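Trainee: I have a new model open. Show me how to read its features, please.

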Amino acid sequence: MIKLYDTKLRRKVDFEPIEEGHVRMYVCGPTVYNRIHIGNARTFIAFDTIRRYLEWRGFEVTFVQNVTDVDDKIIKRANEEGRTAAEVAAEYTEAFIADMHAAGVEDPTVRPKATEEIDTMIELVSELVAGGHAYEVEGDVYFAVRSYPGYGALSGRNVDEMEGGHRELRADGQGLEDRKRDPLDFALWKAAKPGEPSWESPWGPGRPGWHIECSAMSHKYLGLPFDIHGGGADLVFPHHENERAQSEAAYGCSFANHWMHSGMLQVANAETGEAEKMSKSLNNFLLLHEALDLVRPEALRMLTLQTHYRSPLVFGDARLAEAEAALTRIENAVRNMDWQLGNAAADAGAGALDVAALEAAETAARAAFTESMDDDFNAPEALGAVFGLVGEANAALGNATVGAADAEIVRRVRDTVVELMGVLGVDVTKAAEADAAAAYPAEVVTLAADLAGFAGDDAAEAVEALLEARAAARKEKNWALADGVRDGLAGLGFVIEDTPQGARVTYAG
Ligand SMILES: [Zn+2]
């Protein structure tokens, strides 16, 4: 049974989807006025991992994520740059999708855009007005917070203790508090101001407020109630509180069965190492695509997995180096197992490896991984299970001669490591592929021509020819040639290792 921490209930609960075998999830998407920063990325990676895990556990997952493509920030940027809001939104929607792909985040099942769902939102606002939960003032429509008795239950706030949290400003900066019946009320629909994109509505031309978007889209694409509503912890109030109030007031039923929130991202101060809030004023603001210039996407993902999704995640050089080292350790183990499998000695009999011990380690790792992820998606612990298996495999394979009889268990351990890391969204086979495709220095072709009579021009084939020439030379006790090949390769950055299965060459560059 999967347990998840429910923000509204403030405890871990057993998770069972409303419809057997099918999980319906909604995670608030970006406002497309800029490239997303690493704090946003942390949230999206966290929920991508949760989704992948649910799928791996056999659930079908319908994952809906909106794109907020009309908003004050988009309009502001468009005005500053002399472009239309639609142009700005289109540019950053495309950039967002590219950033998500670069970070290994899967596409949602549905990615609705606010500007393509205006009718859906107008319908919902009309519903709220008709039900007495919203009212119009000169083309603006506000949600009447006190008309919905459950307001505050998600974020644990009491309406009577709240200050006017939703201050709406006019273009001239003058407050609109006097227009609202209650300072807590918030905008569902905003009357058009000059120079802004607008749509026709029963209240005149205008555009939707932000909160109404997610209520309309989750209702349309998932139906109510759905299973999991997710987002960053900064969205609990007011955004999610408002979504919930609107939806439950309009449709008269429960909105989301469970609320899940990922913790905030902090940045380690370069000098003191202390965790600080990421902000432009502290000069520690990092966009996702900038982070991906510093580090491989797999390592960035590893870094996010090393902290529980609900805990604050501290980003910094030391953490990146740690994540890269952890990733490399797993990649090397996989690469080593791949090599062993490709070169297993046909004649090494059974008994070279302790097969029973490796089988037990593989079974235990799968069980520990599942147990950890079932417990509120505890990825750091799940990673621990993978590292445990990698450690066992390294120890077992370190000095052993792998024979054909051992290949099956080595294959099983290798595939399990790759599979479990894949569930967490990390492809640990990339390094091996990169290895194979590594550009060897062109000089190796000349070396092979000189020492091995090689006539081709492919560097990888040249290395093969050199190794064959060396093996033949050793057989003939032609030590001068054998050493010449080894020294020549070493001079170009290759390392030769003689193993019971033959010579193994790695290129260190
Ligand atoms: Zn939302």
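**Reading the chain and its pocket**

Mentor: Start with burial. Buried residues account for 51% of the 509 residues in this chain. Keep in mind that the model is predicted.

Trainee: What are the dimensions of the box that the C-alpha atoms fill?

Mentor: Along the principal axes, the box is roughly 95 × 50 × 45 Å. Inside the chain, the secondary structure comes to 16 helices and 15 strands.

Trainee: Of the contacts between residues at least 6 apart in sequence, what share joins residues at least 24 apart?

Mentor: That share is 72%. A contact here means heavy atoms within 4.5 Å.

Trainee: Now pockets. What is the general idea?

Mentor: Roll a probe the size of a water molecule over the atoms, and you see where empty space is left. In this model, the largest pocket has a volume of about 1400 Å³.

Trainee: Which residues lie nearest the centre of the largest pocket?

Mentor: Tyr 33, Lys 73, Trp 210, Asp 234 and Leu 235 do, out of 45 lining residues. Elements giving two or more residues to the lining include helix H2 (72–81), strand S7 (186–191), helix H5 (210–221) and helix H6 (236–251).

Trainee: Which element gives the most to that lining?

Mentor: H1 does, with 4 residues. Its span is 38–56.

Trainee: How does the lining divide by class?

Mentor: Count 18 nonpolar, 15 polar and 12 charged residues.

Key. Residues numbered from 1 in each chain as written. Predicted model: local features only at pLDDT ≥ 70, side-chain atom pairs only at ≥ 80, totals over all residues. Heavy atoms only, no water. 1 Å grid on protein atoms, 1.4 Å probe; cavity = no way out; pocket = protein on both sides within 12 Å on 5 of 7 lines; lining within 4 Å. Points joined across faces, edges and corners; volume = space filled by probe spheres on them. Nonpolar A, V, L, I, M, F, W, Y, C, P; charged D, E, K, R; others polar. Buried < 20%, exposed > 50% of the residue type's maximum accessible area, 1.4 Å probe, protein only.
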